[in-house]
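Please consult the sequence and the model below before reading on.

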Amino acid sequence: MATSAKRKQEETHLKMLREMTSLPANRKCFDCDQRGPTYVNMTVGSFVCTTCSGILRQIGLFTATSA
């Protein structure tokens with residue numbers, strides 16, 4: 001993929017992620033309700049906090065990207 005096309009795609013994905021994190025339901029960890037989740041659980045499509053992401057990673061249910 002050309003560098004400019006890749007950069008454009010990354011910008012689009014970042015914009016989508018920011019829009020999703022601004023939704024009220026995504027402002028809390030899906031698992032423990034802690035405010036301000038910092039990771040995305042790509043397995044089930046939820047936002048989770050650092051603690052819960054570590055737990056999910058330990059049990060093998062987590063592929064994450066930092067939000």
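## Basis

The model is predicted, so local features are reported only at pLDDT of at least 70 and side-chain atom pairs only at pLDDT 80 or more, whereas totals for chains, interfaces and linings use all residues. Residues are numbered from 1 along each chain as its sequence is written, and side-chain values rest on heavy atoms, with hydrogens and water left out.

Helices (H or I, at least four residues) and strands (E, at least two) are DSSP runs, numbered from the N terminus. Buried denotes under 20% relative accessible area, exposed over 50%, and partly exposed the range in between (1.4 Å probe, protein chains only).

## Helix H2

Helix H2 spans residues 50-58, and its residues Cys 52, Ser 53 and Leu 56 are buried. They lie on the same side of H2 because they cover an arc of only 100 degrees around the axis, taken from the directions from the helix axis to the C-beta atoms. Thr 51 and Gln 58, on the other side of H2, are exposed.

The buried residues of H2 pack against strand E1 (39-41) and strand E2 (46-48), where contact means heavy atoms within 4.5 Å. Just after H2, Gly 60 adopts a positive phi of about 80 degrees.

## Cysteines and core

The structure holds 0 disulfides, a disulfide being a pair of cysteine sulfur atoms within 2.5 Å. Cys 29 is in no disulfide, and the nearest cysteine sulfur, that of Cys 52, is 3.7 Å away. The sulfur of Cys 32 is 3.7 Å from the closest cysteine sulfur, in Cys 29, which is too far for a bond. Cys 29 is buried, at a relative accessible area of 1%, while Cys 32 is partly exposed, at 39%.

The largest nonpolar core has 5 residues in all: Cys 29, Val 48, Cys 49, Cys 52 and Leu 56. Such a core is a set of buried Ala, Val, Leu, Ile, Met, Phe, Trp, Tyr and Cys residues joined through side-chain atoms within 4.5 Å.

## Asp 31 and Asn 41

Asp 31 is located in the loop between helix H1 (3-21) and E1 and is partly exposed, at 45% relative accessibility. Not counting residues up to four places away in sequence, Asp 31 touches Val 48, Cys 52 and Leu 56.

Asn 41 belongs to strand E1 and counts as buried, at 4% relative accessibility. The side chain of Asn 41 reaches the backbone nitrogen of Thr 43 at 3.0 Å.

Key: Polar contact = N/O pair within 3.5 Å; in protein donor to acceptor, adjacent residues only side chain to side chain.
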